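Reader: Hi, I've got this one open on my screen. Could you walk me through it, starting with the words you'll be using?

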Amino acid sequence: MSEPRPAIGIIMGSQSDWETMKNAADILDTLGVAYETKIVSAHRTPDRLVEYAKTAKSRGLKVIIAGAGGAAHLPGMAAAMTPLPVLGVPVQSRALKGLDSLLSIVQMPGGVPVGTLAIGAAGAKNAGLMAAGIMALMDDALAGRLDAWRQSQTDAVAEEPVDPAS
Ligand code: RP5
C-alpha cells in the first residue's frame, strides 16, 4: 500500500531550525497526519523557495508550516507565492532570543497573511496542532483523534501541585 500523500508541508530556513520544527512533526506523527519536511532558505536557496511555494498547492499540500529565525523572511515569502494557509514559527535566535524572528514573521502587510505562532518549541507544536485542526475540518477520523488528544492533555493535569522529587 502506498503512503498517504502529505497534506502538510513543514519547511525551515536551516538544518539548525529542525530541533524546533521537529515539535510540529512530532505532534503530527502522534495525530497520524502525513507531512513532508524540507530545508528551504529564503536567503540561501531562493530558487528552491520559489519552486516549493509555487507548486505546493498543485502537489496536494493543504497547509504549510514555515519556521525560520533571525531575519525570518521564509514564512512571508512563502505566503506571497501560494494561496495555501501558511503558519509561521519564529525560531529562537541566539542574538535576540527570537524577538527578531517573531517581528519578522508577524508584521505582514495587509493582504498577505501568515498565521504567526509563539517563539520556539511551543509555537512549532501549536503550528502542528493548528494544521491538524484545519485538516480535521475535512476529516472526521482525524477530528476524533484530535478530540481524544485534547482530552488526554486535560486529564493529565493534576488537581493539586506536588513537591518535585528530591
Ligand atoms: C535563518 O537563519 C534560519 O531559519 C535559522 O534560524 C537562522 C540561522 O541559520 P544557520 O546559520 O544556523 O544556518 O535563515
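Author: A residue is buried if 20 or more other C-beta atoms lie within 10 Å of its own, exposed if 12 or fewer, and partly exposed in between, with the C-beta atoms placed from the backbone. Helices (H or I, at least four residues) and strands (E, at least two) are DSSP runs, numbered from the N terminus. This is a predicted model, in which local features need pLDDT of at least 70 and side-chain atom pairs count only at pLDDT 80 or more, while totals for chains, interfaces and linings use all residues. Residue numbers start from 1 along each chain as its sequence is written.

Reader: OK. How many residues of strand S4 are buried?

Author: 6 of the 6 residues in S4 (residues 86–91) are buried, which leaves that strand mostly covered.

Reader: And which way do they point from S4?

Author: Val86, Gly88 and Pro90 point one way, and Leu87, Val89 and Val91 point the other way.

Reader: What about S1?

Author: S1 has 5 bridges to S2, running parallel, and Gly9 has Glu36 in S2 as its bridge partner. S1 and S3 pair over 5 bridges, also in the parallel sense, with Met12 partnered by Gly67 in S3.

Reader: Which helices sit in the β-α-β units?

Author: Helix H1 (residues 18–31) makes a right-handed unit with S1 and S2. H3 makes a right-handed one with S3 and S4, and helix H4 (residues 99–106) makes a right-handed one with S4 and S5. Right-handed here means that, with the strands pointing away from the viewer, the path from the first strand over the helix to the second runs clockwise.

Reader: Switching topic: which residues of H2 are buried, and which are exposed?

Author: In helix H2 (residues 46–55), Leu49, Tyr52 and Ala53 are buried. These three lie on the same side of H2 because they cover an arc of only 90° around the axis, taking the directions from the helix axis to the C-beta atoms. Asp47, Lys54 and Thr55, on the other side of H2, are exposed.

Reader: What covers the buried residues of H2?

Author: The cover includes strand S1 (8–12), strand S2 (35–39) and helix H3 (74–81).

Reader: Back to Met12. What does it touch?

Author: Beyond its neighbours within four places in sequence, Met12 is in contact with Asp17, Trp18, Met21, Ile39, Gly67 and Ala68. Contact means C-beta atoms, placed from the backbone, within 7 Å. Met12 counts as buried because 27 other C-beta atoms lie within 10 Å.

Reader: And Ile10?

Author: Ile10 is in strand S1 and is buried, with 27 other C-beta atoms within 10 Å. Not counting residues up to four places away in sequence, Ile10 touches Met21, Ala24, Ala25, Tyr35, Thr37 and Ile65.

Reader: Which residues surround the ligand?

Author: They are Gly13, Ser14, Ser16, Asp17, Ser41, His43, Ala68, Gly69, Gly70 and Val91; near means a C-beta atom, placed from the backbone, within 6 Å. That shell divides into 2 nonpolar, 7 polar and 1 charged. Ala, Val, Leu, Ile, Met, Phe, Trp, Tyr, Cys and Pro count as nonpolar, Asp, Glu, Lys and Arg as charged, and the others, Gly among them, as polar.

Reader: Last one: what's the phi of Lys97?

Author: Lys97 has a positive phi of about 60° although it is not a glycine. Most residues other than glycine have a negative phi. Lys97 lies in the loop between S4 and H4 and counts as exposed, with 12 C-beta neighbours inside 10 Å.

Note on methods
Two residues are in contact if their C-beta atoms, placed from the backbone, lie within 7 Å. Two strands pair if DSSP finds at least two bridges between them.
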